[in-house]
Amino acid sequence: MNNDLTYKKIFLFWIPLAVTWLMMSVEGPYLSAIIARMTEPKYNLAAFGISFSFALIIEAPVIMLMSAATALVTNFDSYKKLKNFTYLLNVVITILMLLVLIPNVFDFIAVDLINLPIGVADITYWALAALLPWPAAIGYRRFYQGILIRNNKTRLVTAGTFIRLILMSITALILFLYSSLSGAVVASLSLSVGVTVEAIASKLMSLQVIEKIKLKEILTDENELTYKEILIFYYPLALTSMLSLGIHPVVTFLLGQSRMAIESLAVLPVINALVFVFRSVGLSYHEVFVALLGKDGEGYKPLRNFGFFA
């Protein structure tokens with residue numbers, strides 16, 4: 001894929017991913033607009049922002065599975081081992097999410113540490129509970145999206161995100177119009193439904209690619225990918241995402257101790273959603289670099305130049 005790597009090839013590979021991230025950036029403003037039109041918008045925006053910051057830090061260890069799959073899935077053996085690694089990570093983060101949802105643990109974090117009023121803490125709890133499938137679904141779909149990206153199927157990644165956006169929007173509208181749920185819970189449920197459907201769609205769209213991977217020549221034992229090599233490759237990536245996303249609960253904690261805490265926490269998810277719109281195109285270039293760099297880094301110069309001018 002890296003022989004004679006031209007700017008046109010990079011652009012055609014990248015543009016579906018850029019569209020994908022732009023579509024994902026629409027979710028935040030859309031859901032904030034829904035919450036703002038429901039009862040007690042200030043409390044519910046604050047609760048949604050807090051619950052989402054919890055979910056982000058819990059899902060941080062699986063964020064880089066897309067990059068890992070893009071880089072490491074070269075044959076069926078590496079596919080199976082990285083899939084097992086993905087499933088293990090998903091189990092771990094789901095257990096962590098369940099631990100946070102233990103009432104005493106949650107009350108300690110939300111009431112004692114963040115200093116939330118009981119009413120807001122209650123809404124936050126149920127919004128976080130509605131996000132329970134979110135982290136594992138993110139890990140699952142990013143694994144299969146990485147396989148699609150490695151095999152130059154970036155348009156299928158875009159199709160999966162389009163499905164996610166549609167299902168999320170339909171769920172949000174139905175719950176907005178016909179349910180008595182709080183705005184934060186409506187937003188969280190909508191996100192969970194959307195990303196779960198996207199994860200399933202990503203798996204289904206990758207089946208043909210996986211069949212082709214099965215037909216590839218099996219490597220000799222000494223060249224097979226080991227779980228130790230996966231761990232050595234992956235843990236710096238996981239630490240990077242944890243450090244990056246760890247700022248969200250820190251900011252949430254600090255706002256909880258500040259003046260006009262609830263108002264500030266209510267504004268925060270709206271600001272984050274708008275900022276993400278402008279960050280999304282740049283974030284989409286990460287997997288392009290991983291996929292097209294080449295084994296010996298031969299794609300570095302055109303990728304660097306394209307990224308600089310884009």
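Helices and strands are taken here as DSSP runs, numbered from the N terminus. On that basis, the predicted model contains 14 helices and zero strands in the protein chain, and reading along the sequence gives the pattern α-α-α-α-α-α-α-α-α-α-α-α-α-α. The radius of gyration of the protein chain is 20 Å, close to the 19 Å that the globule rule gives for 310 residues, so the chain is as compact as a globular protein of that length. Along the principal axes, the C-alpha atoms occupy a box of roughly 60 × 40 × 35 Å.

Of the 310 residues, 48% count as buried. Where contacts join residues at least 6 apart in sequence, 83% of them are between residues at least 24 apart. The protein chain exposes about 15200 Å², and carbon and sulfur atoms supply 69% of this area. The side chains include 23 positive and 19 negative ones, and the centres of these two sets lie 8 Å apart.

Most residues other than glycine have a negative phi. E40, however, has a phi near 45 degrees, a positive value in a residue other than glycine. E40 is placed in the loop between α1 (7-36) and α2 (41-59). With a relative accessibility of 47%, E40 counts as partly exposed. N152 also has a positive phi, of about 60 degrees, although N152 is not a glycine. The loop that holds N152 runs between α7 (134-150) and α8 (154-178). The relative accessible area of N152 is 46%, so this residue is partly exposed.

Within the helices, T171 belongs to α8. Its relative accessibility of 15% falls under the 20% cut-off for burial, and T171 therefore counts as buried. The side chain of T171 reaches the backbone oxygen of L167 at 2.8 Å. Apart from neighbours within four places in sequence, T171 is in contact with S190 and V193.

S206 is found in helix α9, which spans residues 183-215. At 0% relative accessibility, S206 counts as buried. A polar atom of the S206 side chain lies 2.8 Å from the backbone oxygen of K203. When neighbours within four places in sequence are left aside, S206 is in contact with Y144 and L148.

Y30 is part of helix α1. This tyrosine has a relative accessible area of 24% and is partly exposed. The side chain of Y30 reaches the backbone oxygen of S169 at 3.4 Å. Leaving aside neighbours within four places in sequence, the contacts of Y30 are with M168, S169, A172 and L173. Y30 and K212 are 182 residues apart along the chain, and a distance of 39 Å separates their C-alpha atoms.

Notes: Residues are numbered from 1 along each chain as its sequence is written. This is a predicted model: local features need pLDDT of at least 70, side-chain atom pairs count only at pLDDT 80 or more; totals for chains, interfaces and linings use all residues. Side-chain values use heavy atoms; hydrogens and water are left out. Helices (H or I, at least four residues) and strands (E, at least two) are DSSP runs, numbered from the N terminus. The radius of gyration is taken over C-alpha atoms; the globule rule is 2.2 Å times the number of residues to the power 0.38. Buried means under 20% relative accessible area, exposed over 50%, partly exposed in between (1.4 Å probe, protein chains only). Contact means heavy atoms within 4.5 Å. Accessible areas come from the Shrake-Rupley method with a 1.4 Å probe; for residues, only the protein chains shown count as cover. Lys and Arg count as positive and Asp and Glu as negative; His and the chain ends are not counted. The place of a charge is taken as NZ of Lys, CZ of Arg, CG of Asp or CD of Glu. A polar contact is a pair of N or O atoms within 3.5 Å; within protein, one must be able to donate a hydrogen and the other to accept it, and residues adjacent in sequence count only if both atoms are side-chain atoms.
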